[in-house]
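In these entries I record what I looked up in one protein model.

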Amino acid sequence: MGSLESERTTTGWAARDPSGILSPYTYTLRNTGPEDVFIKVTCCGICHTDIHQTKNDLGMSNYPMVPGHEVVGEVVEVGSDVTKFRAGDVVGVGCVVGCCRSCRPCDTDNEQYCLKKIWSYNDVYTDGNPTQGGFAGSMVVDQKFVVKIPDGMNPEQVAPLLCAGVTVYSPLRHFGLMGSGLRGGILGLGGVGHMGVQIAKAMGHHVTVISSSDKKKVEALEHLGADEYLVSSDTQGMQKAAESLDYIIDTVPVFHPLEPYLALLKLDGKLILTGVINTPLQFISPMIMLGRKSITGSFIGSMKETEEMLSFCKEKNLSSMIEVVKMDYINTAMERLEKNDVRYRFVVDVAGSKLDL
């Protein structure tokens, strides 16, 4: 593949403007340094955040932009100082590819909260070059932000774990909610939510799925193993479930009221926000005060937590439910995802796609 000092080009699918439409784009990868891993991308999951970013929903998008942060691939070459990986390893890359390494979050294995973190795409490396994501043939990534995929795990099913899976695992771990016997709620049954049900159940929790309609009830109860199913518009059902949950993981990525869900929490219950929403959420303070409840947030997970989560999923035989598509279907897949028309995660077969149509 050439020397480590030479630059390489690759082709990805990029958005050029806030329409979010992706098309082939060839660009140069940075030089592979001593700490870097050169990865041939096998597959990449599609996250709702990819829609936010490509359409400039958060007002911070730079173009051309190659999205994708649930990346699985094969190591082709490693830098001279790389000790964790070797050619042929199957590895994963998530949302973050850089950090300052000297702040409190970095010093405590919470680098995802570093104020100088570098996103996998729509960001800039320290050398001034733009980052580009996993909807591409290859990537060069610092070894710190690469994880080895446990042997025997299916690459396509692993891809969503690198964002959706760790997004659920991290708050359960951090807030001490991994013990058996807890009663948890999963609000929203999409890419993150369906992993939340499986991970919480594997930890021994009684899990209630909360959704806006009953169309996913059979899927939640019979296929994913949830214990109960609540429709948020069912006033009687919601009242009956009042003060019954130790926590709720809120995965909904659009504006929604918080008060109906705060009412479901027990004393000291936690409402954990994981969906990216670009409009303010509202609640009245007595909903928090009269129950000592908490509204908190959690963002993906650290590299350490990602490794733990993968080991946990391997041990418990957990995997994501996916629909595999080729790269030339990516725009249709993004449109369908925006309408929640997928169960529960699209994964792009990058290696099996013709990238330069």
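I looked up what the buried residues of helix 4 pack against. I found strand 4 (70-78), strand 13 (245-250), strand 14 (265-273) and strand 17 (345-349), together with helix 5 (191-202) and helix 10 (303-316). The model is predicted.

I then listed the buried residues of helix 4: A164, G165, V166, T167, V168, Y169, S170, P171 and L172. Helix 4 spans residues 164-174, and nine of its eleven residues are buried, so I noted that the rest of the structure largely encloses this helix. Buried here stands for under 20% relative accessible area. Just after helix 4, I found G176 with a positive phi of about 70°.

Next I turned to the nonpolar cores. The largest holds 91 residues, and within it I46, F135 and I330 touch the most other members. Strand 3 (residues 36-45) contributes the most to this core, with six residues. I also found another core lying apart from it, with 15 residues, including I210, A241, L265 and L271.

I checked the confidence of the prediction. The pLDDT averages 95 over the protein, and 98% of the residues score at least 70. Residues 1-5 have a pLDDT below 50, and I noted that this stretch has 14 contacts in the model beyond near neighbours in sequence.

Finally, I consulted the record. An unreviewed UniProt entry carries the annotation "domain: Enoyl reductase (ER)" for residues 20-348. For residues 20-348 I noted 25% helix and 26% strand, with the end C-alpha atoms 17 Å apart.

Notes
Residues are numbered from 1 along each chain as its sequence is written. This is a predicted model: local features need pLDDT of at least 70, side-chain atom pairs count only at pLDDT 80 or more; totals for chains, interfaces and linings use all residues. Side-chain values use heavy atoms; hydrogens and water are left out. Buried means under 20% relative accessible area, exposed over 50%, partly exposed in between (1.4 Å probe, protein chains only). Helices (H or I, at least four residues) and strands (E, at least two) are DSSP runs, numbered from the N terminus. Contact means heavy atoms within 4.5 Å. A nonpolar core is a set of buried Ala, Val, Leu, Ile, Met, Phe, Trp, Tyr and Cys residues joined through side-chain atoms within 4.5 Å. pLDDT is the predictor's confidence in each residue, from 0 to 100. UniProt positions are given in the numbering used here, feature names are shortened, and annotations may be inferred rather than shown by experiment.
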